[in-house]
Amino acid sequence: MKSRRVRDLVSFLVITAILIVLNVIVSLKFFRIDLTTENRYSLSDATIDLLESFNDVLYVKIYLEGEFPADFQRLQRETRQMLDEFRAYNGKIEYEFIDPAGSEDSKVNQDVFEQLQYKGLKYYELRVNEKGGNKTQRVFPGALMSYGDREIPVQLLIDQLGVQPQAQINASVQNLEYALANAIRGLVRQRKPLIGFLTGHDELDVKYVADFARGLGENYRIDKFNIRKFKSDSTGEDLSVGQQQIRLNRFDGIIVAKPQKAFNDLDKYLLDQYLMQGGKVMWLVDAIHANMDSLSERPQFISYPIYDRLNIQDMLFRYGVRINTNIVQDLVSGGVSDRRSINPWVYFPMVMPQVKHPISKDISGVKLEFPSSVDTIIAKGVKKTFLLRSSKYSNVVATPHMVRLQTLYEQPSEDRFKSQGVPMAVLLEGKFESAFKNRIAPKANNEDLPKLLEESRPTQMMVVADGDIIKNQLNILNPNIPKGTPLPLGFDQFTGAQYGNKDFLLNAVDYMLDDSGLIDIRSRELKIRLLDVNRIQSDKLIWQLINTLVPVLIIILCGVVYIFFRKRKYAN
Amino acid sequence: MKNKNLIYLVILVVLLAVAGWLLTGKNDGGTLERKMDYSFTIPDTANIDKIVIKDKTPSEVTLTREGKDWMVNNEYRARQDAIETLLGTLARMELRNFIPEKLKETVISRMTVFGKEVNIYKNGELFKTIYVGTETHDEMATYMMIKGADAPYAVYIPGFNGFLSTRFFTKEHLWKSRDITRMDPRNIREITMMYPDSAQSSFKIQMFSPDSIFVTQLATGKVLPRINMVKARLYIASAARMSYEGAILPTDPIYSRRDSLLASNPVFEITVKDTNGKTTTVDGYAIKAAEGMTDAKGDQLKYDLDRLHGFINKEDMVLLQYAGLIEVIKPIEYFVTP
């Protein structure tokens, strides 16, 4: 008996020791099994590669801490889990949650708020219920990420115009992996791709693209490139087309922002060969001339086509796209202020993303100004994806067209707005055929040009039939900042609305230039399984009883069964 | 049963071997595991009773708490604002970012040359030693390293835009309180104000109680029959709290002229005597106006209208401001009730 007891005790101790050692082993070695259908807890391969690519400490300070509503708490929780997930792949990631209003000194808190805003974080004022009334609380749903001596802001909450707060939180949670990974990429990347703003055809001036350029600057190097300006060296040699091509080819991406003057053959040749060698081009083109400023002088003006004048239609046609010389009107539109009221203006369609593409998913409405429609042409080897389409209540008018100020005050007739899904922006991907195939190349002054590339490497191009999509306003109204200061892209100072133009264009650049595949994370859909509130209310009592009584009953039952079998065993 | 235990033991041994192998191969995680290496904040500064700051020049200053005040090198009272800034810095500074591996050597070597060692004592015992280095390239943080840590870090104060190294200075004269007098006005017995160039304006105030104040004209020895008591009390209160702008050091060029200054006529000489008989004297000497300093009419000024050179007790040479002493540089007529 005694030896049996001893053996039982030894068994117990050894089994306990095994369990403890097993736990230690599991804590030392990382592994996880994701059982969700959408692989919610699994990072993408692109993210994992990125996380494993750096060796210094990456420090994340998340300012989502304090007392706030359940939705923000969920965002906080998901952020923590995501960072823990990141840490599992790279132990050099350190994070900390900080309450920016944590000091008892309100002046200190105010200084912290200002510093965070200066560093690029946005805040939100929340109304929080407290005993005795409501309180306004400032929340910074964002983080500062530092790697070495560089620090960048990361917005965790996606701001979407016209979307319910809970849906915004859902979208933000889905976007967490991309937001954090994209920020890490910007910090750890050794070589930033070079983006060029093309000049030489009266494209938008620097001040009108300043905010977008600033946004690009976090992850890219930016420069202008005047395709008409050739460099000569000190030997006084003839200007070289070949050298100009080399200079153009060093850019990883080119943005053509609202050109007004014609492209000559040489311009087109250089751009064509740039595309052929794998360069990415973003065309933001006005096919018609129409400007709101014209209405400040007179009550109407005629909009007319200018696309032919630009002389790029043949090139774009060869690549697979045509911009039509029309105007797309839409009942879902941005507003225009006449200082007395804000009225929707059908010539400024506000395009809500309908396509589940990484570029346009979960962004706020994009505002276009006098856009035209685009059509795709058969181009072998080129995949086309429409990124921006009009709503169900749109109308296409041919030009020349009289634009009347009176339209602002008239209730538009819905009978006229029966078109739907009119495309205004398209992404082309694949191998493009050269626009100069079977054509005579431009003369080059006795210079032997490199052999014409007749087909491109796999590359991408985006065409938007509105040059103003990238244009930021300049400050007129805000007395706290100097007049003429570039305002955030997408922000309308007259109506106070913030559109998603910047996010759309930044996503487009990321999509076209990022080889890591990180942008594809944006197209992932995470099913948020929310509780059915109504069912909770109706079945609450039953479940409370079950959860309280059933465990007790089970234990009693187990006890009875045990006693029964024990009695039977020893009775025999 | 015996066999079962044997099997369990074998399993345990195997698992122990695996755990041991994993533990030996485990990366320490470097700085991430050692949070004490970057815990720069000292939250409870009320318990700090001594701070010693040293640099490589070599220069050293010791700040010790004595009741509500702080002393510099156990000799002088310390500037309250500088002490509050220093303690506030220690209470609020925190980690801003980690330093890249490739920069650590450079930061440490610069810290060795230009850095300062700050020893913080609580309840008489050394609590923490921090090495304060140079500023980061964006000048928004300062490199610091805790003694015993394996790396420096960039440290900042949330909400503050700037670097912190300037708050840790070792010069005694910068820590010294700039008070000439600092006492309870009720403890003043007598104030003598002399204007060598205007004997008629010189006077002596004697206070026996707040209601018993007498003003005597020094030139005649006569006591003023009626004086404005409010102004008299205000004058005494101002004399109890005089301060200077800054110390003039032996390294300053003007210092070489101290003897000739002392031998010349001051603009004023004020002597404050307390109820214990202790006196404090301040003389002020006009400064020649710099070339180009003009009056409202555009004429070149003879003397600086804002500042004077001064001596405290004929010893310490200081820079005085007229604005700071405006309440004590008064003629006798100031006290006369019309």
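Both faces of strand β23(A) are covered: T459(A), M461(A) and V463(A) on one side, and Q460(A), M462(A) and V464(A) on the other, are all buried. Buried here means under 20% relative accessible area, with exposed over 50% and partly exposed in between (1.4 Å probe, protein chains only). This is a predicted model, where local features need pLDDT of at least 70 and side-chain atom pairs count only at pLDDT 80 or more, while totals for chains, interfaces and linings use all residues. Residues are numbered from 1 along each chain as its sequence is written, chains are lettered from A and ligands numbered from 1 in the order in which they are written, and side-chain values use heavy atoms, with hydrogens and water left out.

**Strand β23 of chain A**

- The strand spans residues 459-464, and six of its six residues are buried. Helices (H or I, at least four residues) and strands (E, at least two) are DSSP runs, numbered from the N terminus.
- In a regular strand the side chains alternate between the two faces of the sheet.
- On the parallel side of things, β23(A) pairs with strand β10 (residues 280-284) of chain A over four bridges. Two strands pair if DSSP finds at least two bridges between them.
- W283(A) has V463(A) as its bridge partner in β23(A).
- Strand β22 (residues 423-430) of chain A runs antiparallel to β23(A), and six bridges join them. Here E429(A) has Q460(A) as its bridge partner.

**T385(A), which also touches E429(A)**

- T385(A) sits in strand β19 (residues 382-389) of chain A, and counts as buried at 14% relative accessibility.
- Leaving out residues up to four places away in sequence, T385(A) touches H357(A), A425(A), V426(A), L427(A) and E429(A). Contact means heavy atoms within 4.5 Å.

**Helix α7 of chain A**

- The helix covers residues 241-249, and its buried residues include V241(A), G242(A), Q244(A), Q245(A) and L248(A). They take up an arc of only 160° around the axis, so they lie on the same side of α7(A). That arc is taken from the directions from the helix axis to the C-beta atoms.
- An α-helix has 3.6 residues a turn, so residues three or four places apart point the same way.
- What do the buried residues of α7(A) pack against? They pack against β8 (221-226), β9 (253-257) and α8 (265-276) of chain A.
- S240(A) caps the N-terminal end of the helix, with a side-chain oxygen 3.3 Å from the backbone nitrogen of G242(A).
- Q245(A), with 9% relative accessibility, counts as buried. Its side chain reaches the backbone oxygen of L270(A) at 3.1 Å. A polar contact is a pair of N or O atoms within 3.5 Å; within protein, one must be able to donate a hydrogen and the other to accept it, and residues adjacent in sequence count only if both atoms are side-chain atoms.
- Not counting residues up to four places away in sequence, Q245(A) touches Y269(A), L270(A), Q273(A) and Y274(A).

**Aromatic rings and charges**

- There are 27 aromatic pairs over all chains. Rings of Phe, Tyr and Trp (its six-membered ring) pair if their centres lie within 6.5 Å; planes under 30 degrees apart count as stacked, over 60 as edge-to-face and the rest as tilted.
- Y347(A) and F370(A) make a tilted pair, because their ring centres are 5.4 Å apart and their planes are at 35°. The pair links distant parts of the chain, 23 residues apart: Y347(A) is in strand β16 (residues 342-351) of chain A, and F370(A) is in the loop between β17 (366-367) and β18 (374-376) of chain A.
- Y347(A) is buried at 2% relative accessibility, and F370(A) is buried at 3% relative accessible area.
- Ring pairs also link Y59(A), Y38(B), F40(B), F98(B) and Y153(B) into a cluster.
- R138(A) lies over the face of Y123(A), 4.0 Å from the ring centre. A charge sits over a ring if NZ of Lys or CZ of Arg is within 6 Å of the ring centre and within 35 degrees of the ring normal.
- In chain B, the charged end of K50(B) sits over the ring of Y121(B), 4.6 Å from its centre.

**Two residues of chain B**

- D306(B) lies in strand β16 (residues 303-312) of chain B, and counts as partly exposed at 46% relative accessibility. Leaving aside neighbours within four places in sequence, D306(B) is in contact with L320(B), Q321(B) and Y322(B).
- K104(B) is in helix α3 (residues 101-114) of chain B, and is buried with a relative accessible area of 14%.
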